[in-house]
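Please keep the sequence and the model in view while reading.

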Amino acid sequence: MKALMKAKAEEGIWMVDTSRPAIGPNDVLIKVKRTAICGTDMHIYNWDAWAQKTIPVPMTVGHEFSGEIVEIGSEVHLEHFNMKIGDRVSAEGHVTCGYCRNCRAGQRHLCRNTVGVGVNRPGSFAEYVSVPAFNVYKLPADISDDMGAIFDPYGNATHTALAYDLVGEDVLITGAGPIGIMAAAIARFVGARHVVITDVNDYRLELAEKMGATCAVNVTKKPLRDVMNDLGMTEGFDIGLEMSGVPTAFESMLDTMNHGGKIAMLGIMPNGAGIDWDKVIFKGLEIKGIYGRRMFETWYKMGAMLQAGLDLSPIVTHRFSINDYQKGFDVMGSGQSGKVILEW
Ligand code: NAD
Ligand code: ZN
(Lines give C-alpha, C1' and ligand atoms only; values in the text may rest on other atoms or scores of the structure.)
(Ligands and ions follow the chains in the order given, each with its own letter.)
Protein backbone atom coordinates (compact mmCIF):
# COMPACT_ATOMS: atom_id res chain seq x y z
CA MET A 1 0.00 0.00 0.00
CA LYS A 2 0.96 3.65 -0.30
CA ALA A 3 1.75 5.63 2.84
CA LEU A 4 3.14 9.01 3.86
CA MET A 5 6.13 8.14 5.95
CA LYS A 6 8.69 9.90 8.07
CA ALA A 7 11.34 7.98 6.18
CA LYS A 8 14.41 10.05 7.09
CA ALA A 9 15.55 11.89 10.22
CA GLU A 10 15.31 15.32 8.57
CA GLU A 11 12.64 17.88 7.58
CA GLY A 12 9.94 16.52 5.27
CA ILE A 13 7.63 13.57 4.69
CA TRP A 14 7.71 11.05 1.86
CA MET A 15 5.21 8.90 -0.05
CA VAL A 16 6.46 5.30 -0.03
CA ASP A 17 5.29 1.79 -0.86
CA THR A 18 5.01 -0.30 2.28
CA SER A 19 3.19 -3.37 3.51
CA ARG A 20 -0.30 -3.20 5.05
CA PRO A 21 -0.17 -2.94 8.84
CA ALA A 22 -0.52 -6.24 10.68
CA ILE A 23 -3.74 -6.75 12.60
CA GLY A 24 -3.51 -8.45 15.97
CA PRO A 25 -6.35 -10.62 17.33
CA ASN A 26 -8.06 -7.60 18.91
CA ASP A 27 -7.51 -5.12 16.06
CA VAL A 28 -9.50 -3.98 13.06
CA LEU A 29 -8.13 -2.91 9.68
CA ILE A 30 -9.59 0.34 8.38
CA LYS A 31 -9.44 1.54 4.78
CA VAL A 32 -8.73 5.25 5.16
CA LYS A 33 -10.93 7.66 3.19
CA ARG A 34 -10.02 11.01 4.71
CA THR A 35 -7.13 12.01 6.93
CA ALA A 36 -6.41 15.44 8.42
CA ILE A 37 -3.12 17.15 9.23
CA CYS A 38 -2.60 17.88 12.93
CA GLY A 39 -0.17 20.30 14.61
CA THR A 40 1.65 17.18 15.84
CA ASP A 41 2.17 16.12 12.23
CA MET A 42 3.72 19.54 11.56
CA HIS A 43 6.18 18.99 14.44
CA ILE A 44 7.08 15.65 12.89
CA TYR A 45 7.31 17.17 9.41
CA ASN A 46 9.59 19.96 10.70
CA TRP A 47 11.62 17.40 12.69
CA ASP A 48 11.84 19.62 15.78
CA ALA A 49 13.43 18.61 19.09
CA TRP A 50 10.23 16.92 20.34
CA ALA A 51 9.88 14.88 17.12
CA GLN A 52 13.55 13.86 17.19
CA LYS A 53 13.26 12.40 20.67
CA THR A 54 9.80 10.85 20.13
CA ILE A 55 9.40 9.44 16.61
CA PRO A 56 11.20 6.26 15.57
CA VAL A 57 12.20 6.47 11.88
CA PRO A 58 10.80 5.10 9.60
CA MET A 59 7.23 5.68 10.83
CA THR A 60 3.91 6.10 9.03
CA VAL A 61 2.49 9.30 10.50
CA GLY A 62 -1.09 10.65 10.92
CA HIS A 63 -3.82 10.00 13.46
CA GLU A 64 -6.86 12.04 12.39
CA PHE A 65 -8.97 9.98 9.99
CA SER A 66 -12.21 8.40 8.91
CA GLY A 67 -12.67 5.29 6.84
CA GLU A 68 -14.31 1.90 6.57
CA ILE A 69 -13.73 -1.34 8.50
CA VAL A 70 -12.48 -3.95 6.00
CA GLU A 71 -11.03 -6.73 8.16
CA ILE A 72 -11.10 -7.85 11.81
CA GLY A 73 -8.83 -9.85 14.11
CA SER A 74 -9.78 -13.34 15.31
CA GLU A 75 -10.95 -12.16 18.76
CA VAL A 76 -12.98 -9.16 17.59
CA HIS A 77 -16.74 -9.29 18.02
CA LEU A 78 -17.98 -6.24 16.17
CA GLU A 79 -21.55 -7.05 17.20
CA HIS A 80 -20.61 -6.13 20.79
CA PHE A 81 -19.99 -2.60 19.50
CA ASN A 82 -23.10 -2.67 17.29
CA MET A 83 -20.80 -2.58 14.25
CA LYS A 84 -20.08 -4.66 11.17
CA ILE A 85 -17.51 -4.89 8.39
CA GLY A 86 -18.10 -2.03 5.94
CA ASP A 87 -19.18 0.46 8.63
CA ARG A 88 -17.91 4.06 8.39
CA VAL A 89 -15.78 4.85 11.41
CA SER A 90 -13.37 7.23 13.06
CA ALA A 91 -11.09 6.10 15.89
CA GLU A 92 -9.45 7.18 19.11
CA GLY A 93 -5.71 7.54 18.45
CA HIS A 94 -4.63 6.91 22.03
CA VAL A 95 -4.15 3.19 22.54
CA THR A 96 -4.38 2.50 26.27
CA CYS A 97 -3.13 -0.48 28.25
CA GLY A 98 -6.36 -1.62 29.90
CA TYR A 99 -4.70 -2.82 33.11
CA CYS A 100 -3.32 0.25 34.91
CA ARG A 101 -5.36 1.72 37.77
CA ASN A 102 -6.95 4.46 35.66
CA CYS A 103 -7.82 2.16 32.77
CA ARG A 104 -9.45 -0.26 35.18
CA ALA A 105 -11.37 2.65 36.70
CA GLY A 106 -12.74 3.62 33.27
CA GLN A 107 -10.46 6.67 33.10
CA ARG A 108 -8.61 5.63 29.99
CA HIS A 109 -7.59 9.19 29.08
CA LEU A 110 -5.37 9.03 32.17
CA CYS A 111 -3.62 5.78 31.20
CA ARG A 112 0.08 6.02 32.05
CA ASN A 113 1.00 3.61 29.25
CA THR A 114 -0.68 5.40 26.33
CA VAL A 115 0.67 4.61 22.85
CA GLY A 116 -0.12 7.03 20.02
CA VAL A 117 -1.32 6.06 16.54
CA GLY A 118 0.94 7.81 14.01
CA VAL A 119 3.45 8.60 16.76
CA ASN A 120 4.48 5.31 18.39
CA ARG A 121 2.67 2.91 16.02
CA PRO A 122 1.81 3.17 12.28
CA GLY A 123 -0.69 5.89 11.51
CA SER A 124 -3.39 7.03 9.12
CA PHE A 125 -1.50 8.80 6.31
CA ALA A 126 -1.84 5.44 4.61
CA GLU A 127 -4.29 3.41 2.58
CA TYR A 128 -4.91 1.22 5.62
CA VAL A 129 -4.51 1.69 9.36
CA SER A 130 -4.87 -0.88 12.13
CA VAL A 131 -6.25 0.01 15.58
CA PRO A 132 -7.73 -1.98 18.46
CA ALA A 133 -11.46 -2.61 17.91
CA PHE A 134 -12.00 -0.94 21.29
CA ASN A 135 -10.78 2.37 19.83
CA VAL A 136 -13.23 2.51 16.94
CA TYR A 137 -16.12 4.97 16.89
CA LYS A 138 -18.96 4.24 14.45
CA LEU A 139 -19.97 7.37 12.56
CA PRO A 140 -23.70 8.05 12.59
CA ALA A 141 -25.17 8.19 9.06
CA ASP A 142 -25.74 11.96 9.27
CA ILE A 143 -22.10 12.76 10.14
CA SER A 144 -19.85 13.25 7.10
CA ASP A 145 -16.51 11.59 6.38
CA ASP A 146 -14.91 15.06 6.66
CA MET A 147 -16.25 15.57 10.19
CA GLY A 148 -15.29 12.00 11.08
CA ALA A 149 -11.72 12.77 10.01
CA ILE A 150 -11.40 15.59 12.58
CA PHE A 151 -12.99 13.90 15.59
CA ASP A 152 -9.55 13.76 17.23
CA PRO A 153 -8.97 17.56 17.46
CA TYR A 154 -12.73 18.18 17.82
CA GLY A 155 -12.41 15.82 20.78
CA ASN A 156 -9.60 17.89 22.31
CA ALA A 157 -11.80 20.97 21.92
CA THR A 158 -14.81 19.19 23.43
CA HIS A 159 -12.90 17.63 26.32
CA THR A 160 -11.43 21.05 27.22
CA ALA A 161 -14.57 23.15 26.66
CA LEU A 162 -16.77 20.78 28.65
CA ALA A 163 -14.30 20.47 31.53
CA TYR A 164 -16.29 23.18 33.32
CA ASP A 165 -19.88 24.42 33.21
CA LEU A 166 -20.01 27.22 30.61
CA VAL A 167 -23.70 28.10 30.77
CA GLY A 168 -24.05 31.85 31.15
CA GLU A 169 -20.33 32.28 31.78
CA ASP A 170 -17.79 34.60 30.18
CA VAL A 171 -15.11 32.51 28.52
CA LEU A 172 -11.61 33.44 27.37
CA ILE A 173 -9.92 31.18 24.82
CA THR A 174 -6.23 31.91 24.18
CA GLY A 175 -5.16 30.58 20.76
CA ALA A 176 -7.37 30.46 17.67
CA GLY A 177 -5.77 27.40 16.12
CA PRO A 178 -8.21 24.81 14.77
CA ILE A 179 -8.82 23.50 18.29
CA GLY A 180 -9.38 26.94 19.86
CA ILE A 181 -11.81 27.86 17.08
CA MET A 182 -13.79 24.65 17.53
CA ALA A 183 -13.83 25.27 21.30
CA ALA A 184 -15.30 28.73 20.65
CA ALA A 185 -18.08 27.18 18.56
CA ILE A 186 -18.76 24.61 21.30
CA ALA A 187 -18.76 27.24 24.07
CA ARG A 188 -21.42 29.29 22.27
CA PHE A 189 -23.37 26.17 21.40
CA VAL A 190 -23.64 25.09 25.04
CA GLY A 191 -24.68 28.53 26.26
CA ALA A 192 -21.70 30.68 27.25
CA ARG A 193 -22.31 34.47 27.19
CA HIS A 194 -19.18 36.23 25.94
CA VAL A 195 -16.68 33.98 24.17
CA VAL A 196 -13.53 36.02 23.63
CA ILE A 197 -10.74 34.38 21.64
CA THR A 198 -7.20 35.72 21.19
CA ASP A 199 -4.50 35.09 18.60
CA VAL A 200 -1.87 36.95 16.59
CA ASN A 201 -3.18 35.62 13.26
CA ASP A 202 -6.02 37.56 11.57
CA TYR A 203 -6.98 34.74 9.20
CA ARG A 204 -7.73 32.44 12.12
CA LEU A 205 -9.43 35.15 14.19
CA GLU A 206 -11.82 35.85 11.31
CA LEU A 207 -12.65 32.16 11.11
CA ALA A 208 -13.26 32.09 14.88
CA GLU A 209 -15.72 34.96 14.60
CA LYS A 210 -17.50 33.24 11.74
CA MET A 211 -17.82 30.12 13.88
CA GLY A 212 -19.32 31.73 16.96
CA ALA A 213 -16.74 33.67 19.01
CA THR A 214 -18.44 36.85 20.21
CA CYS A 215 -15.16 38.72 19.98
CA ALA A 216 -11.89 37.76 18.29
CA VAL A 217 -8.89 39.79 19.45
CA ASN A 218 -5.53 40.23 17.79
CA VAL A 219 -3.44 40.85 20.89
CA THR A 220 -0.71 42.57 18.86
CA LYS A 221 -3.29 45.24 17.94
CA LYS A 222 -5.67 45.61 20.88
CA PRO A 223 -5.23 45.06 24.63
CA LEU A 224 -7.54 42.43 26.08
CA ARG A 225 -8.54 44.89 28.83
CA ASP A 226 -10.01 47.28 26.22
CA VAL A 227 -12.10 44.44 24.83
CA MET A 228 -13.38 43.60 28.31
CA ASN A 229 -14.33 47.26 28.85
CA ASP A 230 -16.16 47.33 25.50
CA LEU A 231 -18.12 44.26 26.58
CA GLY A 232 -18.93 45.78 29.97
CA MET A 233 -17.03 43.03 31.79
CA THR A 234 -16.12 44.63 35.10
CA GLU A 235 -14.79 41.61 37.00
CA GLY A 236 -13.04 39.23 34.64
CA PHE A 237 -13.46 35.93 32.85
CA ASP A 238 -15.15 33.04 34.65
CA ILE A 239 -13.61 30.29 32.54
CA GLY A 240 -10.31 30.15 30.63
CA LEU A 241 -9.45 27.63 27.91
CA GLU A 242 -5.71 27.78 27.16
CA MET A 243 -5.22 26.56 23.59
CA SER A 244 -2.11 28.34 22.34
CA GLY A 245 0.78 26.77 24.23
CA VAL A 246 2.28 30.28 24.43
CA PRO A 247 3.39 31.48 27.89
CA THR A 248 2.51 35.17 27.31
CA ALA A 249 -1.01 34.15 26.27
CA PHE A 250 -1.39 32.14 29.46
CA GLU A 251 -0.09 35.09 31.52
CA SER A 252 -2.73 37.35 29.95
CA MET A 253 -5.32 34.76 30.94
CA LEU A 254 -4.13 34.70 34.55
CA ASP A 255 -4.29 38.53 34.51
CA THR A 256 -7.85 38.75 33.27
CA MET A 257 -9.55 35.87 35.12
CA ASN A 258 -12.07 36.75 37.79
CA HIS A 259 -11.37 35.57 41.32
CA GLY A 260 -12.47 31.96 41.65
CA GLY A 261 -12.10 31.45 37.90
CA LYS A 262 -11.41 28.05 36.39
CA ILE A 263 -8.87 27.29 33.68
CA ALA A 264 -8.64 24.18 31.48
CA MET A 265 -5.20 23.87 29.87
CA LEU A 266 -4.75 22.00 26.60
CA GLY A 267 -1.90 24.00 25.01
CA ILE A 268 1.50 22.43 25.54
CA MET A 269 3.86 24.96 27.13
CA PRO A 270 7.59 25.05 26.41
CA ASN A 271 9.78 23.45 29.04
CA GLY A 272 10.39 25.71 32.01
CA ALA A 273 7.62 28.24 31.24
CA GLY A 274 7.01 30.13 34.48
CA ILE A 275 3.97 31.94 35.81
CA ASP A 276 3.13 34.46 38.50
CA TRP A 277 1.85 32.08 41.18
CA ASP A 278 0.43 35.03 43.15
CA LYS A 279 -2.30 35.29 40.51
CA VAL A 280 -3.25 31.66 40.99
CA ILE A 281 -3.16 31.79 44.77
CA PHE A 282 -4.67 35.17 45.61
CA LYS A 283 -7.37 34.82 42.95
CA GLY A 284 -8.11 31.27 44.11
CA LEU A 285 -7.91 29.98 40.55
CA GLU A 286 -8.52 26.35 39.67
CA ILE A 287 -6.31 24.96 36.87
CA LYS A 288 -6.88 21.62 35.21
CA GLY A 289 -4.64 19.91 32.64
CA ILE A 290 -6.42 18.27 29.71
CA TYR A 291 -5.02 15.37 27.71
CA GLY A 292 -6.64 13.70 24.74
CA ARG A 293 -10.29 12.79 24.89
CA ARG A 294 -12.40 10.93 27.46
CA MET A 295 -12.94 7.39 26.23
CA PHE A 296 -15.55 7.43 25.12
CA GLU A 297 -17.73 10.00 26.82
CA THR A 298 -16.16 12.80 24.75
CA TRP A 299 -16.88 10.83 21.56
CA TYR A 300 -20.56 10.39 22.40
CA LYS A 301 -20.89 14.11 23.16
CA MET A 302 -19.17 15.01 19.87
CA GLY A 303 -21.53 12.92 17.78
CA ALA A 304 -24.55 14.17 19.70
CA MET A 305 -23.59 17.87 19.48
CA LEU A 306 -23.22 17.62 15.69
CA GLN A 307 -26.59 15.89 15.50
CA ALA A 308 -28.07 18.60 17.72
CA GLY A 309 -27.00 21.30 15.26
CA LEU A 310 -23.40 22.30 16.08
CA ASP A 311 -21.94 23.30 12.71
CA LEU A 312 -18.17 22.83 12.48
CA SER A 313 -18.00 22.55 8.69
CA PRO A 314 -16.27 25.96 8.15
CA ILE A 315 -13.22 24.70 10.09
CA VAL A 316 -12.27 22.54 7.08
CA THR A 317 -10.72 25.22 4.85
CA HIS A 318 -8.57 23.11 2.52
CA ARG A 319 -8.81 19.71 0.90
CA PHE A 320 -6.26 17.97 -1.32
CA SER A 321 -5.79 14.61 -2.94
CA ILE A 322 -3.23 12.60 -0.94
CA ASN A 323 -0.94 12.84 -3.97
CA ASP A 324 -0.83 16.62 -3.39
CA TYR A 325 0.17 16.13 0.25
CA GLN A 326 2.99 18.66 -0.05
CA LYS A 327 0.45 21.43 -0.77
CA GLY A 328 -1.41 20.38 2.36
CA PHE A 329 1.68 20.59 4.56
CA ASP A 330 2.64 23.93 3.00
CA VAL A 331 -0.71 25.59 3.69
CA MET A 332 -0.86 24.12 7.20
CA GLY A 333 2.66 25.43 7.85
CA SER A 334 1.70 28.91 6.58
CA GLY A 335 -0.89 29.42 9.34
CA GLN A 336 -3.41 30.55 6.71
CA SER A 337 -5.75 27.60 7.23
CA GLY A 338 -8.16 25.84 9.50
CA LYS A 339 -8.14 22.06 9.17
CA VAL A 340 -6.55 20.59 6.04
CA ILE A 341 -7.96 17.27 4.81
CA LEU A 342 -6.18 14.80 2.52
CA GLU A 343 -8.38 12.47 0.49
CA TRP A 344 -7.50 8.96 -0.69
P1 NAD B 1 -2.05 25.66 16.72
O2 NAD B 1 -0.59 25.76 16.85
O3 NAD B 1 -2.67 25.56 15.36
O4 NAD B 1 -2.76 26.91 17.45
C5 NAD B 1 -2.13 27.71 18.38
C6 NAD B 1 -2.53 29.14 18.06
O7 NAD B 1 -1.98 30.01 19.07
C8 NAD B 1 -1.99 29.62 16.71
O9 NAD B 1 -3.06 30.03 15.86
C10 NAD B 1 -1.08 30.77 17.10
O11 NAD B 1 -1.07 31.82 16.14
C12 NAD B 1 -1.71 31.20 18.42
N13 NAD B 1 -0.88 32.12 19.21
C14 NAD B 1 0.46 32.38 19.10
N15 NAD B 1 0.81 33.36 19.97
C16 NAD B 1 -0.30 33.72 20.64
C17 NAD B 1 -0.57 34.68 21.65
N18 NAD B 1 0.39 35.45 22.16
N19 NAD B 1 -1.84 34.80 22.11
C20 NAD B 1 -2.83 34.02 21.61
N21 NAD B 1 -2.63 33.10 20.64
C22 NAD B 1 -1.39 32.95 20.17
O23 NAD B 1 -2.49 24.44 17.60
P24 NAD B 1 -3.83 23.54 17.70
O25 NAD B 1 -3.68 22.34 16.83
O26 NAD B 1 -5.07 24.36 17.57
O27 NAD B 1 -3.65 23.06 19.20
C28 NAD B 1 -3.71 23.99 20.27
C29 NAD B 1 -2.72 23.66 21.37
O30 NAD B 1 -3.10 22.45 22.01
C31 NAD B 1 -1.27 23.44 20.92
O32 NAD B 1 -0.41 23.94 21.92
C33 NAD B 1 -1.17 21.93 20.86
O34 NAD B 1 0.17 21.48 21.02
C35 NAD B 1 -2.02 21.53 22.03
N36 NAD B 1 -2.60 20.19 21.98
C37 NAD B 1 -2.69 19.53 23.16
C38 NAD B 1 -3.31 18.29 23.21
C39 NAD B 1 -3.47 17.59 24.52
O40 NAD B 1 -3.92 16.44 24.54
N41 NAD B 1 -3.15 18.25 25.63
C42 NAD B 1 -3.84 17.72 22.04
C43 NAD B 1 -3.74 18.44 20.85
C44 NAD B 1 -3.15 19.69 20.83
ZN1 ZN C 1 -3.72 2.05 31.20
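**Helix H1 and its surroundings**

The buried residues of H1 pack against E1, helix H2 (49-54) and helix H12 (325-334). The model is a predicted one, in which local features need pLDDT of at least 70 and side-chain atom pairs count only at pLDDT 80 or more, while totals for chains, interfaces and linings use all residues. Residues are numbered from 1 along each chain as its sequence is written, and chains are lettered from A and ligands numbered from 1 in the order in which they are written.

Helices (H or I, at least four residues) and strands (E, at least two) are DSSP runs, numbered from the N terminus. A residue is buried if 20 or more other C-beta atoms lie within 10 Å of its own, exposed if 12 or fewer, and partly exposed in between, with C-beta atoms placed from the backbone. Two residues are in contact if their C-beta atoms, placed from the backbone, lie within 7 Å.

**Helix H1**

- Helix H1 covers residues 39-46, and its buried residues are Thr40, Asp41, Ile44 and Tyr45.
- Viewed down the axis of H1, these buried residues fall within an arc of 145 degrees (taken from the directions from the helix axis to the C-beta atoms), so they line one face of the helix.

**Annotated positions**

- An unreviewed UniProt entry lists Thr40 and His43 under "active site"; such annotations may be inferred rather than shown by experiment.
- Thr40 lies in helix H1 and is buried, with 23 other C-beta atoms within 10 Å.
- His43 is also placed in helix H1, but is partly exposed, with 18 other C-beta atoms within 10 Å.
- Apart from neighbours within four places in sequence, His43 is in contact with Asp48, Trp50 and Ala51.

**The sheet containing E1**

- Three strands form an open, antiparallel sheet in the order E2-E1-E4, where two strands pair if DSSP finds at least two bridges between them.
- Strand E2 (14-17) and strand E4 (59-60) are at the edges with a single partner strand each, so one side of each has no neighbour in the sheet.
- Strand E1 (residues 2-6) is joined to E4 by two bridges, and the two run antiparallel.
- Met5 stands opposite Thr60 in E4.

**The chain as a whole**

- The chain has 12 helices and 18 strands.
- Of its 344 residues, 48% count as buried.
- The C-alpha trace spans about 60 × 40 × 35 Å along its principal axes.
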